[in-house]
Amino acid sequence: MGTKDHGPDPRRLAAALAFVSQGIHLWVLPGQLAAALPPGAFFFLVAVGQGLLGASLLFGGGRWTARFGVLLNVCVVLVWVLTRAVSIPQLFEPVKLPVEGLGAAATLIEVALVVSLMRLGRSLRRQERLERA
Amino acid sequence: MKITRRHLLKMGAMAGAGLALPLGALSIPVGRLAASAAVRSPGVEPFAVPLPIPPVARPVHTRGGADHYEMVQKAAMQEILPGLKTEVWGYDGVFPGPTVEARRDRPVVVRQWNELPVPVSVHLHGGKTPPESDGYPSDLILPKGHDHGAHAHATHAASGKHAHMFKDYSYPNAHRAATLWYHDHRMDFTGPQVYRGLAGMYVLRDEVEDGLPLPKGEKDVPLVICDRTFRDDGSFYYPSLDPTLQEEPGVLAHAANGMFGDTVLVNGAPWPQLEVSNTMHRFRILNASNARSYDLALDPPPPGGRPFVQVGSDGGLLETPVPHDSIVAAPAERFDVVVDFSRYPVGTEVKLKNLRGEGKTSEVMRFVVARGEREEGSVPERLAPDLDFPDPDDVEVTRRFQFIAGVVGGMSAINMKVFDPGRIDARPRLGSTEIWEIFADPSHPFHMHLVHFKVLSRDGGPPGPYDAGWKDTVSLEGGSVRVLVRFEGWRGKYVFHCHNLEHEDMMMMANFEVV
């Protein structure tokens, strides 16, 4: 279990970040879905993904888990940035959305999660190489 | 593969965190949406109640040639569905509110008292009024105990002029006779507040109209048509995200494109009946619905068809009458029509149908040709003098505005911008003439404050059959219209917006400032 790096166990750190992100999405999900279905469905899928990621990491997820987590969270961060930077009426709202505190906090957590998962992925790759040698 | 305790724990954790928790959270809004969409009004036998006529407001005094009225906006219980009581928010506690009868060039001042638990703003729809009396959405009358406007949208910070408990609205009435109406216009919450009853008619008359032989008196009938849904206990059902109307604006997702009720009310009564003589009657039709458009037709149609002779539009009398087989009325539009019941034998029951409706909403009311009577009215070939439309050659500026509803729900916008009280989107010069091109996706009733306009073209072709005369609201069902506007009256800041009230509340509104 775990890696030989110093500091907090990167798996547990990543799992904790995934659960926090999931918690935020679950918190806003009822309000979002009640007002508009597509963003609500998006929040639901993100919450499912983060929950699966967090649970998988807690119980020793490997490199595929890390890849899935990076992909998921890069997508989530991109959607957040995109909807705040430009207006794409065909896909999202006809306006740029406001930068609100909770959304910004969730995005920072997801960026931290991406970094943490990338470090975990590298560490796992090193470990695999060592084991093969 | 051997299933270990660790595997089981992992599977359990993944199922719990990855599925059970999100599904649990999902069940809350899904349950709310399902319950909301399932609300159906109690059954009402159609044509069982007589058509009520809203009371006429009486001035409290006349001073300096102006009639002064007082209205108290308050909650009251009213029997709308037979046998049930509905809490309405009404002007003087009635729904629709009292009709104001005004004369051209005779000013009216209405002191509006707010005894409701929420801020209000009153807009005289179609009135050419000074900006401070126009009912700008953030110019609020705060109720007792409130010290701010409580705007929920981020851009709507307390930007308006707030009055406490009452405000005097001045209407100069310096324009042609027309069927106007007044209604609530509170920022972010116009939809639910109009829905609860804050709307009434304002009939402006003048000597030109007096001189015409059109049906008068009891044969000049207001028809305020709207749709509502009721709970089993008789209360109005409106799917607000925040039913207290204090904090969060907007509606549940299923009503994002407009609140469509399942019960059609005329003058506040469900599918009423009106007994008429076999003579001409003038009906001032107002579509006071939040979002529903109607295609009104008579069933059976009279021999030879063309039962409706349109004599007026939003901005008053037409130059010449326009016959119609049916009347398509978008929210906030008014159609002044004459129906000649002598084309039916006495005893005929004639339904006013809504050809766009389904089930219960396909019927509006019923007329019964109950008796014979000598005809005293007629529709002359010439109704009003030259309407004095602006000359397109005088146009100084052409502006384009695209109305687009949120694809994923939520906010709606004009030219990709949501409403911001601090942003001016057009600065026409006082006295100038402009062409405004409006594009709508999908369908939006476009309304301008302060001014009336003439529809020049629709979808690149000639104006449609319902575009005649001076208008202040024009229906777009996709496509575009070009309107010719002369900015006259006052300098100041006014709004233009979609009159689908749910779109309006979700910020499909913008400012113009006459300079």
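Author: A salt bridge is a side-chain nitrogen of Lys or Arg within 4 Å of a carboxyl oxygen of Asp or Glu. Keep that rule in mind. First, some ground rules. This is a predicted model, where local features need pLDDT of at least 70, side-chain atom pairs count only at pLDDT 80 or more, and totals for chains, interfaces and linings use all residues. Residues are numbered from 1 along each chain as its sequence is written, chains are lettered from A and ligands numbered from 1 in the order in which they are written, and side-chain values use heavy atoms, with hydrogens and water left out.

Reader: How many salt bridges does a search of the whole structure find over all chains?

Author: The search finds 37. Take one case. Asp220(B) pairs with Arg205(B), and their closest N and O atoms are 3.2 Å apart. This pair links distant parts of the chain: Asp220(B) sits in strand β12 (residues 220-228) and Arg205(B) in strand β11 (residues 199-205) of chain B, 15 residues apart.

Reader: Is Asp220(B) buried or exposed?

Author: Start with the scale. Buried means under 20% relative accessible area, exposed means over 50%, and partly exposed is in between, using a 1.4 Å probe and protein chains only. Asp220(B) has 12% relative accessibility, so it counts as buried.

Reader: Which residue forms a salt bridge with Lys351(B)?

Author: Glu363(B) does, with 3.0 Å between the closest N and O atoms. This pair also links distant parts of the chain: Lys351(B) is in strand β22 (residues 349-354) and Glu363(B) in strand β23 (residues 363-371) of chain B, 12 residues apart. Lys351(B) is partly exposed at 26% relative accessibility. Glu363(B) is buried, at 16%.

Reader: Where in the chain are Asp388(B) and Arg486(B)?

Author: Their side chains meet in a salt bridge, at 3.4 Å from N to O. Asp388(B) lies in the loop between β23 and β24 (395-404) of chain B, while Arg486(B) is in strand β30 (residues 480-486), so this pair links parts of the chain 98 residues apart. Asp388(B) is partly exposed, with a relative accessible area of 46%. Arg486(B) counts as buried at 19%. Salt bridges can also share partners: one network joins Glu101(B), Arg205(B), Glu209(B), Asp220(B), Arg282(B), Arg284(B) and Asp336(B).

Reader: Which residues form the positive surface patch?

Author: The idea comes first. A patch is made of residues with over 30% relative accessible area and no salt bridge; like charges are joined within 9 Å, and nonpolar side chains (Val, Leu, Ile, Met, Phe, Trp, Tyr) within 5 Å. Accessible areas come from the Shrake-Rupley method with a 1.4 Å probe, and for residues only the protein chains shown count as cover. Lys and Arg count as positive, Asp and Glu as negative; His and the chain ends are not counted. A charge is placed at NZ of Lys, CZ of Arg, CG of Asp or CD of Glu. Here the positive patch is formed by Arg67(A), Arg119(A), Arg122(A), Arg125(A), Arg129(A) and Arg132(A). Helix α4 (residues 101-132) of chain A gives the most, with 5 residues. Arg67(A) is found in helix α3 (residues 63-85) of chain A. At 40% relative accessibility, Arg67(A) is partly exposed.

Reader: How many helices and strands are there in chain A?

Author: Chain A has 4 helices and 0 strands. Its pattern along the sequence is α-α-α-α. Buried residues make up 47% of its 133 residues.

Reader: What joins Asp299(B) and Pro300(B)?

Author: A cis peptide bond does, with omega about 0 degrees. Pro300(B) lies in the loop between β17 (294-299) and β18 (308-313) of chain B. Another cis peptide bond joins Asp441(B) and Pro442(B), with omega about -5 degrees.

Notes. Helix = DSSP H or I, 4+ residues; strand = E, 2+ residues; numbered from the N terminus.
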